[in-house]
Amino acid sequence: MTDQPLLKVRDLSKFYGSRIGCSNVAFELWPGEVLAIVGESGSGKTTLLNCISTRLMPTTGSVEYHMRDGQYRDLYHMNEAERRFLMRTDWGFVHQNPADGLRMTVSAGANVGERLMAVGDRHYGHIRQTASEWLERVEISTDRIDDQPRAFSGGMRQRLQIARNLVTGPRLVFMDEPTGGLDVSVQARLLDLVRGLVNDLGLAAIVVTHDLAVARLLSHRMMVMKDGHVIEHGLTDRVLDDPREPYTQLLVSSILQV
Ligand SMILES: Nc1ncnc2c1ncn2[C@@H]1O[C@H](COP(=O)(O)OP(=O)(O)OP(=O)(O)O)[C@@H](O)[C@H]1O
């Protein structure tokens, strides 16, 4: 870890008309750190994730990012081209539904390889070799490299989406319910895989989940949201083992005691 945060979020709010999406959120994310945003449906998790990742314009607040050149830049003061460049080179975004993050009608190899081309790799042999290594890394047999993701199972699609996102060596990955929609045994395997990759690559990640078991397994720190507000924030083990807010206590007792 370096001695400076990767991301500084200050006073971030998003209102949809008079409805609160998220309100007054502030935190810092450090390199290599995984933060989980948890809460019930409608608590504002996706709104917050989308505001931080510049997919949604917040109503107020700032998000500063520590660029590779050592400077902090306010994401909302970048122009569109700069933001796109950052998304392509430094960030990944793993959607709940793999179809939202993959190109379903091109091959698995091309799904991974085109990200390398987007960052300037032009050598076909190298691109195919790297794509093949990444398929192996996410436990997809390399003899499926020419198959389209629509011929894959849900778990395979999600693993392919992860490979597509990580192949370019991002520093920060956003994940929106990465195991949602998969059945339980597939979820467990995928979580193990994600945890291993995040550790090995020293990635920072922000993971939205309504599942506290996912937060427990993946994250170092967690924020609990309710009605658009962060009501509790701390080290994951502390929040789950010794929740301070009655709402968090309720969540923990209702969900985690299985
Ligand atoms: N495009 C929109 N227009 C109006 N209100 C919205 C919009 N998107 C979200 N909201 C409202 O903002 C609040 C937070 O929603 P958000 O989707 O961020 O919650 P969430 O915790 O991600 O829920 P879920 O787990 O169901 O995805 C909710 O009251 C929701 O109705």
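**Core, domains and helix packing in a predicted model**

Ile206 touches Leu29, Leu35, Ile37, Leu49, Ile52 and Phe174, leaving aside residues up to four places away in sequence; here, touching means that C-beta atoms, placed from the backbone, lie within 7 Å. Residues are numbered from 1 along each chain as its sequence is written. The model is predicted, and local features need pLDDT of at least 70, side-chain atom pairs count only at pLDDT 80 or more, and totals for chains, interfaces and linings use all residues.

A residue is buried if 20 or more other C-beta atoms lie within 10 Å of its own, exposed if 12 or fewer, and partly exposed in between. The core draws at least three residues from each of domain 1 (7–90 + 172–255) and domain 2 (104–169), with bounds that come from an automatic or database domain assignment.

The centres of domain 1 and domain 2, taken over C-alpha atoms, are separated by 26 Å. Their contact takes 12 residues from domain 1 and 12 residues from domain 2. On the side of domain 1 that touches domain 2, helix H2 (80–89) and H7 are the elements that give two or more residues, and H7 gives the most, with 6 residues. Helices (H or I, at least four residues) and strands (E, at least two) are DSSP runs, numbered from the N terminus. This side of domain 1 divides into 9 nonpolar, 2 polar and 1 charged residues. In this grouping, Ala, Val, Leu, Ile, Met, Phe, Trp, Tyr, Cys and Pro count as nonpolar, Asp, Glu, Lys and Arg as charged, and the others, Gly among them, as polar.

Helix H7 (residues 184–201) also meets helix H6 (residues 154–166): their axes come within 10 Å and cross at roughly 10°. Because of that angle, H6 is roughly parallel to H7, a label for angles under 35 degrees. From H6, the contact is made by Gly154, Gly155, Gln158, Arg159, Ile162 and Leu166, and from H7 by Val186, Leu190, Leu193, Val194, Leu197 and Leu201. Sorted by type, the residues of this contact are 8 nonpolar, 3 polar and 1 charged.

In helix H4 (residues 108–118), the buried residues are Ala108, Gly109, Asn111, Val112, Gly113, Arg115 and Leu116. Their cover includes helix H5 (124–137) and H6. Just after H4, Gly120 takes a positive phi of about 105°.

Asn24, found in strand S2 (residues 19–29), has a positive phi of about 55° although it is not a glycine. Asn24 counts as partly exposed because it has 14 C-beta neighbours inside 10 Å. Thr54 lies in the loop between helix H1 (45–52) and strand S4 (60–66), and its phi is near 65°. With 19 other C-beta atoms within 10 Å, Thr54 is partly exposed.

Another loop residue, Ser141, lies between H5 and H6. Ser141 has 10 C-beta neighbours inside 10 Å, so it counts as exposed.

Methods
Axes are lines fitted to C-alpha atoms, for helices over the stretch in contact, and angles run from 0 to 180 degrees between N-to-C directions. Angles under 35 degrees count as roughly parallel, over 145 as roughly antiparallel, 65 to 115 as roughly perpendicular and the rest as oblique. Two residues are in contact if their C-beta atoms, placed from the backbone, lie within 7 Å.
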